[in-house]
Structures are given as C-alpha cells and as structure tokens.
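Please look over the following structure before reading the notes.

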Amino acid sequence: MVSKSEVGIVLMNLGSPDSTAVPDVKRYLLEFLMDKKVIDYPWLMRKLLVGGVIVPKRAEKSAEAYKSIWWEEGSPLIVLTKQLQKAVQHDTEMPVAIAMRYGNPSPEAAFNELLAEHPGLKEVILLPLYPHYAMSSYETAAEYAKDIYRKKKYTFKLSVVPPFYDEPDYIAAVAESMRPYLQQEYDYVLFSYHGVPVRHIRKGDITGKHCLQVNDCCHVKSPAHEFCYRHQVTITAELVAAKLELPKEKWGVSFQSRLGREEWLQPYTASMFENLPKEGKKKLLVVCPAFVSDCLETLEEIAVEGKHSFISNGGDSFTMIPCLNVHPLWVKAIVKYCAHVMQQ
C-alpha cells in the first residue's frame, strides 16, 4: 500500500468559460456541446447543429446570463471548486488539485501540477464531482481524464471514485445542508435535477430491456441501475427525504435545463414552477442535488429565472437552497471516499 504522501487527489468539476466575454463563452459552448456524450449525434450532424445553429443563437444570451451571476473573483463554479480544494486539503495529507471537463484547468494540468510538486507520486485518485452516473456528466468526465492519462503515459496509477448517489455520507451532507431551510414555513420541497434526453436513459440500459420498459423500473432491482441516471436521482431524493422525514405529499422530483425538441426526463422543472402555485403550493424550497457547486444552472436558471416564473404564476415565496459547495460534511465525505479508494 502506498503512503498518503505518494497519493494525490484531483477534484473534477464541469467547467466554465474563462470570462463573460462572448468569444470565451462561444469557445466554452463549442467544447461542451461538441462532446459526443452530450449531443450524441454523428460528428458532421453535431458540427452543423452546434456550430451552425445552437452556439450562434445562444452565445450572446449565455454571456449575459454568466454576467448576471459572475463574482468579482471569477466564475462561481471555479471559485467554489477552488474553495473546496482548499477545504479538502486542510483535512488530508494527500495533495489536492482541481480539473474541469471543459475549459480550464484541464486534467493534464492537474496531473502535471501534482507531479511537479510530488515527483514520487504513485497514485492519483480522481473524484468526478457528479453524484449520479450519466453519459453526459460523470461518464464523459471520467473517460476524458482516463484518455489524457493514457495518451500522456503517466506512470502513476489512476483510480476513479464511482458515483456516490446513495452513499450515506453524501446523503447526510445534502440533508444537513437543507435542514436549516426547513425551519421556515414551506408548502413543498422540489428536488430539481439536471435533465437528460429519454434516449440517453434507454441507450445506457446495459440489459436493453429494463429502463422505461418495466413498470416502476427505478424500484425494480436490475443491473441497469449502475448506469441509470433516472434511478440514481430518484434514490437520492428518496433517501434525503427519508432522512429529513419529509411527508410524501410535501416533496417531489423534476428535471431542468432541457436542450432541443426531443423528449427529456419529466416532469420539467419549468412546468413545475408554473403549476405548483395553482395546486396551492405557494411557498417553495428548491434544492439541486446533482450539482455539488453552485453554477449558472442554480444561480441563474433556478434562483433568478425559476423564482420569477414561480412568483409570476402566483407563488408567494421561493427559496433556492445552496449546493453543498464547502459544507463541512461534504468535505469530510470527500476525504473519506478518497481514503477508501487508496486502501483498496
């Protein structure tokens, strides 16, 4: 077994544009949306769609959205990931670096940083900061880092922490981050997860006959669950709700950030914001457990656009519960996961 001084940790998050300037946002969107695991069309079709339609239409609007949530120190997601790096480093002897799937810093930069400071490095533990397995999030991040590792022929061992959607420490961290907000009066708690196309769920079904084919498939035991985003986010919500003793009628799950016209997982968060006030649920708490760091999708899409929609449709109060960010229990969970991987 290697010692802690010979093992490094890389925390890998989604990424962000380098600035709110349109060229930087355009560059980021092209890298993100040209990922074949995000938009899984043939290359030429993807190139025409992304480069010719989506990015030209979205770049300026996205740049304005980033400007509305940008901090003085920079991108909230990058700043918060650096804060997480510092907090984890405080609790472990293992050196900690950060990487992004898109944008900077790259996994190569993170690996090189660790090697420069620790030439005797024998193992790197990669923790993709995605609690749930999805082709367009966890899988693309892990595979991207592995590809760089193989191409650069690093001599250290690379170990990857698996999704932790049902791990007790993660569930406890999410629950405790929510608990203070439950002290206020509320009608409903909405667990809003990043959406994925229904096609991705079917495509990821390793059995070819379970996901969205079996009645109540998320609760019928199957090998498909290891790679099923829908199952995993459902279990996360149920475990957190149980830990907080939320009444069944006072919470639900929805999916945000839809792109394109094909069917995505439902119900859509945007529709929930319109419909909940009409059902008498006018005091709303929203939590986004698929994101461990606050970012554009939480700070702008939920806290600004979502709140406006909910209030405009008759809601009285709207509270977005912050992501885990640097919650002490989340930091301890990361250290524990990495130590467990090192011992294997």
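Is K221 buried or exposed? At 83% relative accessibility, K221 counts as exposed; buried means under 20% relative accessible area, exposed over 50%, and partly exposed in between, with a 1.4 Å probe and protein chains only. This is a predicted model, in which local features need pLDDT of at least 70 and side-chain atom pairs count only at pLDDT 80 or more, while totals for chains, interfaces and linings use all residues. Residues are numbered from 1 along each chain as its sequence is written, and side-chain values use heavy atoms, with hydrogens and water left out.

**Surface residues**

- K221 sits in the loop between α7 (198-203) and α8 (229-244); helices (H or I, at least four residues) and strands (E, at least two) are DSSP runs, numbered from the N terminus.
- A nonpolar surface patch is formed by W43, L44 and L48, which together have about 370 Å² of accessible area.
- Patches are made of residues with over 30% relative accessible area and no salt bridge, where like charges are joined within 9 Å and nonpolar side chains (Val, Leu, Ile, Met, Phe, Trp, Tyr) within 5 Å.
- Accessible areas come from the Shrake-Rupley method with a 1.4 Å probe, and for residues only the protein chains shown count as cover.
- L44 of this patch belongs to helix α2 and counts as exposed, because its relative accessibility is 54%.

**Helix α2**

- Helix α2 covers residues 43-69, 27 residues in total, yet its end C-alpha atoms are only 33 Å apart, whereas a straight helix would reach 39 Å.
- The expected span of a helix is 1.5 Å times one less than its number of residues.
- The helix has a kink of about 50° at V55, shortly before the proline P56; the bend at a residue is the angle between axes fitted to the seven residues ending there and the seven starting there.
- V55 is also one of the buried residues of α2, which include R46, V50, I54, A59 and Y66.
- The cover over the buried residues of α2 includes α1 (22-33), α3 (76-90) and α10 (296-299), where contact means heavy atoms within 4.5 Å.

**Helix α12**

- The 16 residues of α12 should span 22 Å at 1.5 Å a residue, and the end C-alpha atoms are 23 Å apart, which agrees.
- Among the buried residues of α12 are W330, I334, Y337, C338 and M342.
- Elements covering the buried residues of α12 include β1 (7-15), α3, β3 (123-128), β4 (157-160) and α6 (168-178).

**Salt bridges**

- Side chains of opposite charge can pair when their charged atoms come close.
- The whole structure holds 14 salt bridges, each being a side-chain nitrogen of Lys or Arg within 4 Å of a carboxyl oxygen of Asp or Glu.
- R101 and D35 form one at 3.1 Å, N to O.
- This pair links distant parts of the chain, with R101 in strand β2 (residues 96-102) and D35 in the loop between α1 and α2, 66 residues apart.
- Both R101 and D35 are buried.
- E139 and K37 form another, with their closest N and O atoms 2.7 Å apart.
- E139 is in helix α5 (residues 135-151) and K37 is in the loop between α1 and α2, so the pair ties together parts that are 102 residues apart in sequence.
- E139 and K37 are both buried.
- E279 and K281 also pair, with closest N and O atoms 3.4 Å apart, and K281 is buried at a relative accessible area of 19%.

**Backbone geometry**

- Most residues other than glycine have a negative phi, and most peptide bonds are trans.
- The N104 to P105 peptide bond is cis, with omega near -5°, and P105 lies in the loop between β2 and α4 (107-117).
- Q266 and P267 are joined by a cis peptide bond with omega about 5°; P267 is in the loop between β6 (251-256) and α9 (269-275).
- S257, although not a glycine, has a positive phi of about 65°.
- S257 lies in the loop between β6 and α9 and is buried, with a relative accessible area of 17%.
- N325 is not a glycine either, and has a positive phi of about 50°.
- N325 is in the loop between β8 (317-320) and α12 (328-343) and is buried, at a relative accessible area of 12%.
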